[in-house]
Amino acid sequence: MVITTIEIYRLSIPMEPFVIATGTMDYAQNTFIRVNTDEGIYGVGECSAFPMIVGETQNTCLVLARDFAKLWKGKDPLAIHERLAELDLYIAGNKTIKSAFDSALFDLASKHAGLPLYQFLKGERRDITTDITLGIASPEEMAEKAANLQREGAVILKVKLGKDPQTDINRIKAIRKAVGFDMPVRIDANQGWSYEQAVQALQGLEPFKIQYCEQPMRTWNDHLLPQLRTETIVPIMADESVYSHYDAERLCREDACDYINIKFSKSGGIAEALRIDAVAAEFGIPCMIGGMLESRLALAAKVHFAYAAKTVRFYDLDTCMVGHLEDPVIGGVQYDGYRISVSDAPGIGADIDPEYLKKCESWVI
């Protein structure tokens, strides 16, 4: 089997503005690719650029996608690790666009094997319930939205913070007053606090039963994470601090976190995510599978990975639920309220509506 052509699409999905500590997104900056072969089997992949986190934009992804496609044309797509190594030799970093190509290869390989991706990865089904994320707003607005989500059936809240510590404390205080203390609440500062602010915020939040705090500080403060953990009872989850299994091993050895957030857009896709999972398993660190602003297609790949990962215990798979105004996906993740599943179709089990793709800017290599 050889790769004949690769199709690349600018998948811009309009959405309600989404605010985090480091910026605002008003559309999902996604890229969709389809890797075609001489045997008629194709693989699909999607990534979602989040510039203020990973330093990639939709445009950088699209430029590199064309370069990557030229590298792979005429080569064996089933030699997954050889193909991915070629991308890493071509350019350092740029894990977001690499993750789309990684997913396409795993989709194609599992289709070739006649298996759903999770079975190809030696996984098995499990019950998955996602949280739902609240973007940053005033304490009153966030409390009102939290109460509405609870009434609509949400069972876990993920709350974006990372601004002024006292205002952040007031945000959680208002949310707890609105939803009570039985509903799990996890928070994500997106690197927004200094060390001193993190201590102030986390100690102030301790009375409000916080499940954990994601990425309280900038990554250059990783050396302060062990000390921060001694200052608060709120568990710490490393997100932007862990791009690779090397990062995961460093933080685990330094006793710098309680949990790790695995994202394909940071790791480069499934292959590296599995390595992070293996390191976390070695150190007994539970993980979360998370994302940026992906559609139900990329989310399907994440669910397949979660079925196979040893350490994934938390699920932040609401990326298409936080304001997407269009849904171009055929198949993909299915939601029963906030419970998530995928089909047993071969591969990822998802594609993009051909009629929708006709409206997208595209390239064929």
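Q: How do the residues of the lining of the largest pocket divide into nonpolar, polar and charged?
A: Keep in mind that this is a predicted model. The lining of the largest pocket has twelve nonpolar, five polar and three charged residues.

Q: And what volume does the largest pocket have?
A: About 360 Å³. It is lined by 20 residues, and the ones closest to the centre are E16, T133, G135, K145 and V322.

Q: Which element gives the largest share of that lining?
A: That's α6, with five residues. At least two residues each come from β1 (3-20), β5 (132-134) and α6 (139-151).

Q: Which domains does the lining of the largest pocket draw at least three residues from?
A: Domain 1 (1-114 + 353-362) and domain 2 (118-349) each supply at least three.

Q: OK, what about the second largest pocket, how much space lies in there?
A: About 200 Å³. There are 13 lining residues, with L84, D88, K95, E272 and R275 the closest to the centre.

Q: Which elements give two or more residues to that lining?
A: Those are α3 (80-90), α4 (95-113) and α12 (270-283). The largest share is from α3, which puts in five residues.

Q: Switching topic: which residues does the UniProt "active site" annotation cover?
A: K160 and K263, according to the UniProt record, which is an unreviewed entry.

Q: Where is K160 found?
A: K160 is in strand β6, which spans residues 157-160.

Q: Is K160 buried or exposed?
A: Buried, because its relative accessibility is 7% and the cut-off for buried is under 20%.

Q: And where's the place of K263?
A: K263 is in a loop, between β10 (259-262) and α11 (264-267).

Q: Why does K263 count as buried?
A: Because K263 has a relative accessibility of 4%, and that falls under the 20% cut-off.

Q: Which residues is K263 in contact with, leaving aside neighbours within four places in sequence?
A: The contacts of K263 are D239, G290, G291 and M292, once those sequence neighbours are set aside.

Key
Residues are numbered from 1 along each chain as its sequence is written. This is a predicted model: local features need pLDDT of at least 70, side-chain atom pairs count only at pLDDT 80 or more; totals for chains, interfaces and linings use all residues. Side-chain values use heavy atoms; hydrogens and water are left out. UniProt positions are given in the numbering used here, feature names are shortened, and annotations may be inferred rather than shown by experiment. Helices (H or I, at least four residues) and strands (E, at least two) are DSSP runs, numbered from the N terminus. Buried means under 20% relative accessible area, exposed over 50%, partly exposed in between (1.4 Å probe, protein chains only). Contact means heavy atoms within 4.5 Å. On a 1 Å grid over the protein atoms alone, a cavity is a set of points where a 1.4 Å probe fits but cannot get out, and a pocket is an open set with protein on both sides within 12 Å along at least five of seven lines; lining residues have an atom within 4 Å of a point. Grid points are joined across faces, edges and corners, and a volume is the space filled by probe spheres set on the points. Ala, Val, Leu, Ile, Met, Phe, Trp, Tyr, Cys and Pro count as nonpolar, Asp, Glu, Lys and Arg as charged, and the others, Gly among them, as polar. Domain bounds come from an automatic or database domain assignment.
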